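Please open the model in a viewer and keep the selection panel at hand.

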Amino acid sequence: MRLKYSIIYNIALLLTVVSYAQTGKQKKADYLFEKLSYSKAAETYYDLINKKIDTINASKKLGDSYYNLRNPDSAAVYYKKIVSNPDIDPIYYYKYAQVLKGIENYDESRIWFKKYAESGGTLSENSNDSDFLSKVNSDYFLKEVKFNSEYSDFGAYEFNGTIYFASSRNTGVLTKKKYGWNGQPFLDIYTTQQITDSVVSHKNKLKGKVNTVFHEGSLTITNDGKTMYFSRNDFIKNNRGTDELGITNLKIYKASYIEGKWKNIEELPFNSSAFSTGHPALNKNNNKLYFTSDRPGGYGGSDIYVVSINENGNYSNPENLGENINTAGNESFPFLDANDKLYFSSDGHQGLGLLDIFETIENQDSKVIGVKNIGKPINSSKDDFSFFLNPDGLTGYFSSNRENGMGSDDIYAFDKLPQLIVEGTIVDIETKKPITNSEVVLVSPTGEQIASVVSDKNGHYEINVDRGKNYGIKVLKEGYIDLTSLISTKRIDNNISKITENIELNPKVIETIQDAEFYPIYFDYNKAVIRKDDTNELDRITNFMVNKYPNMVIKIYSYTDSRGSQKYNLKLSQERAIATYNYLVEKGVEPNRILEFKGLGEENLANNCDDKTKCTEEEHQLNRRTEFIILGN
C-alpha cells in the first residue's frame, strides 16, 4: 500500500493538469490513476461501473482509489465486489481486510487476513488479532483544538511556545493550485501560539523561504532554535525533480533561522529523486536524524531510517532501524521524546485500524526489543499519525482522519498521565544496611515476569508500572530469603507519579551441623514395612530435626537388592521411601523439610551383589536400605 497522500504517505505529486485527447473513459481513468490523481480517477471509474464497462477492473481501481484516499468505508464496498472472483490477486484479500478494520468490522477482517495468509501472503504477528483491542489501555486524554480547518491539518510540532503545523487551508487566498491526489490545495507550514486560536489564515504562514507552490510538511527544530529540518516535494531554486515516471517525490531540506525568518534552504545529501525521503525527527542531543523513506532495500512500503550528524555537519549513510520496528507494511512519522523513546505510525504492526501510533520497548541495554500500540483514544480505526510529545512528557499532539473531525485530517491535543513508578530501598532486616545488586522482578498476579531491575549501591530501585493493575515485586539476593511484596496501582490519584515500596530481606541462617550423621535403615526381603530394629534410628533423626535443628532439610532415597525385575524393584523401593517419609512425618517432622523421597530400585548397590554375582542373604541385606541426605539447615 502506498503511503498516505503525499507528505503523509510520502509518495508523489501530480504536477500537471490532465490535458490530452480523450480516447475513452477507461483510458482516461487509468491515466488519472497512474498519475496519482485518485480523486478524479474515482469519479471516472464510478462512471465506468455505472455503464457496466470493465466492471471488475474498474471496481479494483475504484477501491484502490478510495484506499489511497484513506476512505475505508467506500473502499470496502468495491473490494467486496471483487474478492470472490477466483482470478483476483490475493493482495486484495489483504486490502479488503485492512479496510474492514478501518470500519471496525474486526470479525470479518480476521477472515480475510486468514485467507490472505492461506494464499501465501505474509502477515506481521497478530496483525489480524481483534482480541487485542480489549487489552489496550491508555493514559491519554484528548483536548479540543480550535485551529483545524475543513482541509487537511496535521503534523503539529511545538517549540518555544509556537505551534508549527502543515495545512492545505486556503483561507485568505483567492486562487491556489490543487493537488490531484485528493483535490485539496497544496500543503504549507503555518504557525500559531495556542490551540484555542480559531483564526489561522495565510497571515500565519511560516515566515521565510520554506513554503513554495508545492507541498511542505512535517518538521523538527534543533535545540538552539537555529536550524529546521522539514519535508518538501523535490523542489528547490525553482527546479522540480521527478523520477523516471515523472513523479515528484519527497525530500528533506534544512533551513536557518535568520532575523526572524527561515532562509538558506539546503537539500540533505541522502535524498534522491528516485524515491521519497521525509518526516524528519531529531534525538535529544541533535546528533541523529530519523526519517521515513521508501528507498530500495527496506522491509516494505516505507521504513524508518536514521543518520548520524557529525560535528562537521556531515551525515552518515542511512541505516534501517530493522525488523523490530519496520514491517512489510508502512512505517512513518518517527518522533523521539525527551528520553529518546521512539514513537512512529504503522499499518504493519498489530493495530486498531489503518495507521496506528506505536512506541518502542527497550531492554536494560537500551536496545529496542519490540513495539507497543499506545491504544485509545490516540488510536482509532482510521489513520492516526504524526505524534508529538512536549519535553514535559505530559502534553502533546497527534493527527487523525477519524470521524467527526473538521476536515480530512485534523490535529488533536492531549494530556498524558505521568508515568507511574514503584521505587524503594532494599535493606537487611537486622542491620538495616542497604543491599546492593538485588534482582527486583515485576511479576503479574499469575507469576509471569514483566520486567526486572537491579538495586544500586544504595539499595535503591525503580521500576515502571501501569495504572489500574495488581503486581508482585519479587526480590532475589544470594544469602537472603526470597521475598515477594504485593502492590496495587488501582485507585491511584492521577497526579501521583511514584509509589514507595521499601523492602527488608531476611538473611538465610546457615548453621554448621557438626554432630548430625544419619545411618541407613534396612528392610526385609520383598517388604516395605519399617522394622522394629530401625525405629531407634528414625526416632533419632526425628529428634535432630524437631528439637536440635528445626530448620534442617533432608532427602530420602530407598533401594532394593538386585533380585527381581528392575520394574518391580523400582516400585518396591518407592514404597520403602514412602514408608520412611510417613514415619518421620507422623513423628512430627514438617513435610516441607523432606525435599524429596524417592525409590531408585537396584541402582547404587552397596556391594558387588548384582545379578551375575552369587551373594549371601547378609550381603543382599546391605542393599535393601533407605539412606538420608542432609542438605543443610
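Predicted model: local features only at pLDDT ≥ 70, side-chain atom pairs only at ≥ 80, totals over all residues.

At what angle do the axes of helix H3 and helix H5 cross? Select residues 55-68 for H3 and residues 91-102 for H5: the axes come within 12 Å and cross at roughly 45°. Axes here are lines fitted to C-alpha atoms, for helices over the stretch in contact, with angles from 0 to 180 degrees between N-to-C directions.

Residues are numbered from 1 along each chain as its sequence is written, and side-chain values use heavy atoms, with hydrogens and water left out. Helices (H or I, at least four residues) and strands (E, at least two) are DSSP runs numbered from the N terminus.

Next, display the side chains between these helices. Lys60, Asp64 and Tyr67 of H3 meet Tyr92, Tyr94, Lys95, Gln98 and Val99 of H5, contact meaning heavy atoms within 4.5 Å. By class, this contact has 4 nonpolar, 1 polar and 3 charged residues.

Move to helix H1 (residues 25-34) and helix H2 (residues 38-50), whose axes come within 8 Å and cross at roughly 155°. This crossing angle makes H1 roughly antiparallel to H2. The contact of H1 with H2 divides into 7 nonpolar, 2 polar and 5 charged residues.

Now turn to an open sheet of 4 strands in the order E5-E6-E9-E10, with antiparallel pairing; two strands pair if DSSP finds at least two bridges between them. Strand E5 (216-221) and strand E10 (261-267) are the edge strands, each pairing on one side only. From one strand to the next, the twist averages 30°. Select strand E6 (residues 227-233) beside E5: the two pair over 4 bridges, and Thr220 has Tyr229 in E6 as its bridge partner.

Finally, select Lys143 and Asp415, which form a salt bridge with the closest N and O atoms 3.3 Å apart. The term requires a side-chain nitrogen of Lys or Arg within 4 Å of a carboxyl oxygen of Asp or Glu. Lys143 lies in strand E1 (residues 140-143) and Asp415 in strand E21 (residues 410-416), 272 residues apart. The structure holds 25 salt bridges.

Technical notes: Parallel < 35°, antiparallel > 145°, perpendicular 65-115°, else oblique. Nonpolar A, V, L, I, M, F, W, Y, C, P; charged D, E, K, R; others polar.
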